[in-house]
Amino acid sequence: MAEVFSLRLLPTFAGTHRASSFSRKVLKPVASVSASRKVSAVRLMRIEFGGAFADLLNEKGKGSGENEMAYVERTLGFRTRDLDDRDLRLVTDVVGGTIRWRRYLDHMISSLCHDDKTFRSMEPLLIQILRIGFYEIVKLNMPPYAVVDENVRLAKVALRPGAGNMVNAILRKLVLLKEHDSLPVPKLEGDDRAQARALATLYSHPVWMVRRWTKHLGKEEAIKLMEWNNSDPSYSLRTNSGKGISRADLVAKLDSLKVPYELSLHMSDFIRIRTGLQIVIQAGLLKEGLCSVQDESAGLVVSVVDPQPGEQIIDCCAAPGGKSLYMASRLCGQGMVSAIDINEGRLRILKEAARLHQVDNVITTIHADLRTFFETNTVKYDKVLLDAPCSGLGVLSKRADLRWNRKLEDMEELKNLQDKLFDAASLLVKPGGVLVYSTCSVDPEENEERVAAFLQRHPEFHIDPVVRYVPPNFVTEGGFYFSHPVKHSLDGAFAARLKLIGSERCSIHIARVSSTLHNVFTVFPGEHRSTKLTVPKPETRRGDIERILFTISGKAGLINKS
Ligand SMILES: C[S@@+](CC[C@H](N)C(=O)[O-])C[C@H]1O[C@@H](n2cnc3c(N)ncnc32)[C@H](O)[C@@H]1O
């Protein structure tokens, strides 16, 4: 398709361009720069400044091209031809890799600039073009002079001739250094802090993550985890048995599309693919509801829940619905999955997917904040899944941009939210029922530590070891499920299965301490444990067991006054 030129003024990207870079007209033909390179540069701008996602999974196959082209036109001032399948793969690889290696690439780019100020004052689009060039030369080992040539041309047409000259000078320096095997990389020396900074650059992660992982895992394991996060992600497909599709049916489809695959070792309805996801998307397998993209590590969380036909299940943080859909399909049409989420838009996606997967007769969506849901809800469930909002530190290989968006401060906030949601979810469990707490994090503070804190507040629950539900190499010493990216070559995930004791097994004793304080004792016969809580409500009497247990969980204000 012929290139089309625009004479419009170029807009800013969230105010990040310098004025000189966009208040000018594009006059020169730009056909000589590859479409994938132009799209990659613009997509990187969108991800860094416009909140877009790094992966193309969020796009609906080829149709996304139109969207992409509109962004290209708005940012660069000219259109480019539509992307073909090969271009799409290239964009996915270059964008994912350039984002992952950002810290490492920036270190090298700034080392090859005159001074740090030159780097810091560069236009954002110029930085993206340089990052792409550095990534292609250093990590993809592409023919260096072709890379230099193309990136110089892109800088010239998208910015100005001077920008092209700068790209030329810096990339040529890089090529020379690479040829002499003397790339400017930091040395692993000095005290812990200096080493953490060096590791953060060498493996391109935020320093706080490196410090956290070296503390929790040790240096060697932390490095292995970072290497995993920097590797190309592989994906799994789950066959949609709810629609009567078997794994053999999906295998036949993949064969006909020539997409290489491996059958999952752990789950009978999963297939792993290393490459070819774009082909699967473009062939319409997801759109037709034949399968879902779901990591086996997430599927194993559903195995921990172990949905059985006829059960009432509630998925407390359900959207966009990967686990709800899988649980629904395992109910074989009998039972119910109530899917709550606070995010209405994401819940709509879940509803649409349920229809597509023909499990909408089993799934009911509820738009609510779990923290207050119990105030109006009276139903109790056999199984309660809390797939809590978390840092996502187990899925950094798939979510290339996430590492740069997460901040250390998020962790405290997330832990508080997780505790609140955990307490709220516990109120939905039937006596004798099951509560599963899960995350896609590898961080013990979001996993084991949250469970331990919960059990302190809720002695009415006890750990039900997951050994009966997942393969033994996924079971931790504490009886939890844990998928370790390096050990299992899957995303990181965690799940604890907790059981609420039957109410008949718990007795409550209330002793008056003073006119304003009562001690509430819950006694668990046969479990050799009891808990005591001093309740500051003189009116508190034997009352409703759940309300008292709720009191024990720390919400004394909600105790039944009757
Ligand atoms: C990890 S995601 C859930 C992923 C989902 N289980 C799946 O498998 O597709 C966490 C979800 O929690 C939801 N969430 C966060 N705070 C919530 C709250 N207070 N009440 C209900 N949902 C909440 C978010 O909107 C988000 O969709």
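Visitor: Is Arg120 buried or exposed?
Guide: Start with the cut-offs. A residue is buried if 20 or more other C-beta atoms lie within 10 Å of its own, exposed if 12 or fewer, and partly exposed in between, with C-beta atoms placed from the backbone. Arg120 has 10 other C-beta atoms within 10 Å, so Arg120 is exposed.

Visitor: What kind of model is this, and what pLDDT do side-chain atom pairs need?
Guide: Residues are numbered from 1 along each chain as its sequence is written. The model is predicted: totals for chains, interfaces and linings use all residues, local features need pLDDT of at least 70, and side-chain atom pairs count only at pLDDT 80 or more.

Visitor: Which helix holds Arg120?
Guide: Elements here are DSSP runs, numbered from the N terminus: helices are H or I with at least four residues, strands are E with at least two. The run 116–120 includes Arg120. That helix is α5.

Visitor: How far apart in space are Arg120 and Ser110, C-alpha to C-alpha?
Guide: In sequence, Arg120 and Ser110 are ten residues apart. C-alpha to C-alpha, the distance is 8.2 Å.

Visitor: How many helices and strands are in the protein?
Guide: The protein has 562 residues, and 43% of them are buried. The element count is 22 helices and 15 strands.

Visitor: What share of the contacts join residues at least 24 apart?
Guide: A contact means two C-beta atoms, placed from the backbone, within 7 Å. Take the contacts between residues at least 6 apart in sequence. Those joining residues at least 24 apart make up 69%.

Visitor: Which residues around the ligand are the closest?
Guide: A residue counts as near if its C-beta atom, placed from the backbone, lies within 6 Å of the molecule. The ligand is surrounded by 18 residues. The closest are Cys317, Gly322, Asn343, Leu370 and Asp387.

Visitor: Which elements give two or more residues to the shell, and how does the shell split by class?
Guide: The elements giving two or more are α15 (322–330), β6 (336–341) and α17 (370–373).

Visitor: Where is Pro320, and what omega does the peptide bond from Ala319 have?
Guide: Pro320 lies in the loop between β5 (312–315) and α15. The Ala319 to Pro320 bond is cis, with omega near 5°.

Visitor: What phi does Asn141 have?
Guide: Asn141 sits in the loop between α6 (124–139) and α7 (144–158). Asn141 is exposed, with 9 other C-beta atoms within 10 Å. Asn141 is not a glycine, yet its phi is positive, about 50°.

Visitor: What phi does Lys258 have?
Guide: Lys258 is in the loop between α12 (247–257) and β2 (262–263). Lys258 is exposed, with 8 other C-beta atoms within 10 Å. Lys258 is not a glycine either, and its phi is positive, about 60°.

Visitor: What span does helix α19 reach, and what is expected?
Guide: The expected span is 1.5 Å times one less than the number of residues. Helix α19 runs over 408–426, with 19 residues. From first C-alpha to last, α19 reaches 28 Å, close to the expected 27 Å.

Visitor: What covers the buried residues of α19?
Guide: The buried residues of α19 include Leu414, Gln418 and Phe422. Their cover includes α17, β8 (381–387), β9 (429–439), α20 (448–457) and β10 (461–463).

Visitor: What is the strand order of the open sheet of four strands, and which are the edge strands?
Guide: Two strands pair if DSSP finds at least two bridges between them. The order is β2-β3-β1-β4, with antiparallel pairing. Two strands pair on one side only, the edge strands β2 and β4 (291–293).

Visitor: How many bridges join β1 to β3?
Guide: Strand β1 covers residues 235–239 and β3 covers 270–273. Tyr235 has Ile273 as its bridge partner, and Ser236 stands opposite Arg272. The number of bridges is four.

Visitor: Why is β1 largely enclosed?
Guide: On one flank, β1 pairs with β4 over three bridges, with Leu237 opposite Val293. β1 is largely enclosed by the rest of the structure because its buried residues number four of the five.
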